[in-house]
Amino acid sequence: MVERLGLVALVVGAVCLTAVTTAFALDEPMIAAGVALLLAALYLTRRLDAFRRILAVATILLVCASSNMPSLVTFSFYARYVAVGCLIVCALNGRARRIRPADNWTRLFITALWATAGLATLSSVWSIAPLHTLQQGVALLLLAALAHVLLRRRWVDTAAVAADLHVVYAVLSLSLVVSLGYGIAGRASATSFNDRFQGLYANPNMLSIICALTIPLGWALYQQSRKRTQLLGVVPALIAVPLTESRTALIAVVVGGLWVVLRHGAGPIARLLVVAVGGLGLAYLFGMLPSVVGSTWAQTFAARFTDPDNGDLSNGRTQTWQAAYELWQSRPTLGFGYASGIHLFEQTRQNGFFDVSVNLVHNSYLQWLLELGVIGVAPLLLLLLAATRAVLLAPIGALNSGLVWLIVTGLLIQVTESTMFGMGQPYPYVFWLAVAGVLVKTRSGRHVSGVPAAVYISGRADGGPYPHSSTGRRQPAGAHGAARRERVPVR
C-alpha cells in the first residue's frame, strides 16, 4: 500500500507539474527547464522508497509556493499540505510499525511542538482572521505530526535521518541552480525592485534563507557519508547567497559555522585561521585583493552593512518592532491570533497607525508574542530549550556537525525574519526536522562489524525491520546471516 501511495503521488505530481510547465513554458523558458530538470531528477532516483518520493514532491511544492511565479504559487497552495499529509500516512503505514522508545528530551520536543501547534490552531477562536489562522494552524499541526512519526516510527538512526534529508537537500540545491540560470538568462523577475538577486523565489530574503539552509545541510550529509560529491549542492548556495545581499543570512551562516568549529576544539580553529590568513596573503601578493575590494559589486555589498537605508541600518525593522510591541500591549494575554500579522498590519495601516509597507514583524520571536500573547511563551520556550540544548550539548561528529550548524544559523535568522512558524515554505520544515534529527541517537548495537550502516525503510511480516545498506538496496540474507555468525576472537 505504501509503495502504491508513493507511486501515485509521484505520477500525480509529475502530471500536474508538467501541465503547469507547459502552460507558461513559452513565457518562462528557464522555469520550464527547471521544472523539467526536477522531474527528470525525481524519475532517475529509482532507489527512493515511497516516503522519499512523496518527500521530494512535497519539497518541490513548498519551493513552488515560495516562488515569484503566480501560476506555481496558485497550483501548490493546497497541494503542499496534501503532500505533507501523505508523508504522515506513509510513515504510519510503513511495515516497521513498532513505536520506538524515546528519551526525555525527545518526548519534551514532541510535546512542545504539539502544544505549540494546538495553541496556534485554538487561537482561531479569538483571531482577527479566524479562517486564515485555522488554515495555518492545521498546517502547523501537520508539521508536528510529521516530526512525531519520524522520531517514533521511521528515524531509527542517523543513517535513516541522512537518507531522508538528502532528498530535501537535492531539491533545494536544484532550485538554486535553476535560480542562477534564471538570472543568467536575464529574466527581469530574477531581481527585486532594488536590484537584489532573488532568482525564482518571491524575494531576496527568501532565497538567502534557502541558501542558509542548504549550506549546513550539505555539510551534514558530507560528514555523514564522507563523499565529496555531496558538497556539489553547496556550490550554488555559496554563489547565490552573496548575490542576495542579505546581511542576516551571511552573518548567520558564518556564525553557525564558527560555532561548530569552536565545538570541535582548538585544532580546527587554528587550521581555519591559517587558511584564512594564508588565502588573504596570497590574494594580496598577486594583486587580487585590491581589485576585488574595489569592484562595484563589493562596494555595493559593503554598503548594505554601512550605509543606512532611510536613516536606518535595519531597513525599517526597528520601526516595525516598535509598532509590534505597541500593538501587543493592547492584547498582551491572548494576542491577535496565529498568522494574523498580515491582516493586523493591513488594518492598522489603513487606520494610519502603521505606515510601513511590510506585513511581517521581521522577528519570529516578537511575531509569536504578538500573535499568541503571553500564553504562547511557554511552549515556544520549551522548543527553544530543545534547540539550544542541541547547539550546546549534542555530539558534534558526523551528521550532527551540519545539523548543529543549521540550528544555530536558523536561530539567528529568526531574529530579523518571521520564518520560524511561517508555514507554506521550506524553512520551518527543514529547521524543525533538523532539531528532531539531532535527537536521534546512532544505535551502534544494530550494526555488525563489516556490514554497512543500515537504513531501515521497510520491515518483515512479523514487524521487525529489514536491514538495508547505505545504497538503499536490501542485503542478501546469506551475507547478513554470515556476518551475524562471525565469531569475535577472545583476547
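Helices (H or I, at least four residues) and strands (E, at least two) are DSSP runs, numbered from the N terminus. The model is predicted, so local features need pLDDT of at least 70 and side-chain atom pairs count only at pLDDT 80 or more, while totals for chains, interfaces and linings use all residues. Residues are numbered from 1 along each chain as its sequence is written, and side-chain values use heavy atoms, with hydrogens and water left out.

**Stop 1**

Select Ile239, which sits in helix 9 (residues 234–243). Ile239 counts as partly exposed because its relative accessibility is 44%. Buried means under 20% relative accessible area, exposed over 50%, and partly exposed in between (1.4 Å probe, protein chains only). Accessible areas come from the Shrake-Rupley method with a 1.4 Å probe; for residues, only the protein chains shown count as cover.

**Stop 2: the whole protein**

Now select everything. How many helices and strands are there in the protein? There are 20 helices and 0 strands. Of the 491 residues, 52% are buried. The accessible surface comes to about 22800 Å², and 66% of it belongs to carbon and sulfur atoms.

**Stop 3: helix 16**

Select residues 364–372, which make up helix 16; 7 of its 9 residues are buried. Among them are Trp368, Leu370 and Glu371. Which helices do the buried residues of helix 16 pack against? They pack against helix 5, helix 14 (317–330), helix 15 (341–350) and helix 17 (377–393). At the start of helix 16, a side-chain oxygen of Asn363 comes within 3.0 Å of the backbone nitrogen of Tyr365. After the helix comes Gly373, with a positive phi near 70°.

**Stop 4: Ser418**

Ser418 lies in the loop between helix 18 (399–413) and helix 19 (426–439). Ser418 counts as buried because its relative accessibility is 12%. Its side chain makes a polar contact of 2.7 Å with the side chain of Gln367, and Gln367 is one of the buried residues of helix 16. A polar contact is a pair of N or O atoms within 3.5 Å; within protein, one must be able to donate a hydrogen and the other to accept it, and residues adjacent in sequence count only if both atoms are side-chain atoms. A polar atom of the Ser418 side chain also lies 2.9 Å from the backbone nitrogen of His362. Leaving out residues up to four places away in sequence, Ser418 touches residues including Leu360, Asn363 and Ser364 (contact means heavy atoms within 4.5 Å).

**Stop 5: Thr106**

Go to helix 5 (residues 104–122) and select Thr106. Is Thr106 buried or exposed? At 6% relative accessibility, Thr106 counts as buried. The side chains of Thr106 and Asp103 make a polar contact of 2.7 Å. Leaving out residues up to four places away in sequence, Thr106 touches Leu151 and Leu439.
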